[in-house]
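These are my notebook entries on one protein structure. I record what I looked up, entry by entry.

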Amino acid sequence: MSPDTPGTSGSDTLEMAIARSGGLDTLLRDLTDRAVRAVPGAAACSVTVRRGDRLLTLAGSSDLVNGLDQRQYENGSGPCVEAADTGLEQYAPDLAAETRWPRYTAYARSVGVRCVLALPLVVQRERGAALNFYGVEPGVLGTGRRAARAFAAQAADAVSLALRVERETDSVADVRTALLSRSVIDQAIGILMAQERINAATAMERLRRVSQNANMKLRDLCAELVTRTAGG
């Protein structure tokens, strides 16, 4: 895992940076803030990722990007959608003269955006992603395109690693939940075995039957039995 990614220092792993920054959301927000500072003319930046059959914004440097990105997702067209779907850089130097995305262009101009640059990100295990820059003057991002490309190359690694950490964290949480469920089910089986003087298989079958008849999750039924038996 490379430590030399936007949002981390040379001595940090990404996991350390996430823990120190207060979580994945904070780290990615910091990445977009750094992007704005690194690219001349950028007033705002966001990260778009396709998950399943929909696009979503992982982070943005300001509230401005939420409406700008969401309008593209709703319309199914716009520079960040094109960049994520095609893997090709999209640049609109002056939205007043742009004809490719009329509904999006009208909205962007209404909130003061006049220039957009969307760069594809190669993110592991995701089918499309983009780093999006917004400018408030026509042509203002033109001189920053090289810097934007360099930043996007690094950001792709950072986003990939951050999403991997997120998946691993979710996996640990799922395992923990499964273990807790297994524990409470085992306790309930033990209670029935002691109370009814039956074996474990019979106790489990009885719990399953009651769960089905009551239209109740087995874990919840067992938790209720354990709590009641413990006097809770």
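I began with the direction of α3 relative to α5 and noted that they are roughly antiparallel, which means an angle over 145 degrees. The axes of α3 (residues 64–75) and α5 (residues 102–110) cross at roughly 165° and come within 10 Å. I took axes as lines fitted to C-alpha atoms, for helices over the stretch in contact, with angles from 0 to 180 degrees between N-to-C directions. Helices (H or I, at least four residues) and strands (E, at least two) are DSSP runs, numbered from the N terminus.

The model is a predicted one, in which local features need pLDDT of at least 70 and side-chain atom pairs count only at pLDDT 80 or more, while totals for chains, interfaces and linings use all residues. Residues are numbered from 1 along each chain as its sequence is written, and side-chain values use heavy atoms, with hydrogens and water left out.

From α3, Gly67, Leu68, Arg71, Gln72 and Asn75 meet Arg103, Tyr104, Tyr107 and Ala108 of α5. This contact of α3 with α5 has 4 nonpolar, 3 polar and 2 charged residues. For these classes, Ala, Val, Leu, Ile, Met, Phe, Trp, Tyr, Cys and Pro count as nonpolar, Asp, Glu, Lys and Arg as charged, and the others, Gly among them, as polar.

Next I looked up α3 with α4 (residues 79–86): the angle is about 60° and the axes are 8 Å apart. Here Asp69, Gln72 and Tyr73 of α3 meet Pro79, Cys80 and Val81 of α4. The residues of this contact divide into 4 nonpolar, 1 polar and 1 charged.

I found 0 disulfides, a disulfide being a pair of cysteine sulfur atoms within 2.5 Å. Cys80 is buried at 1% relative accessible area, and Cys45 is buried at 0%. Buried means under 20% relative accessible area, exposed over 50%, and partly exposed in between (1.4 Å probe, protein chains only).

Where does Gly41 lie? I placed Gly41 in the loop between α2 (24–38) and β1 (44–51). Gly41 is partly exposed, at 31% relative accessibility. Leaving aside neighbours within four places in sequence, Gly41 contacts Tyr134, Gly135, Val140 and Leu141.

Last, I noted the whole protein: 8 helices and 5 strands, with buried residues making up 43% of the 232 residues.

Methods. Parallel < 35°, antiparallel > 145°, perpendicular 65-115°, else oblique. Contact = heavy atoms within 4.5 Å.
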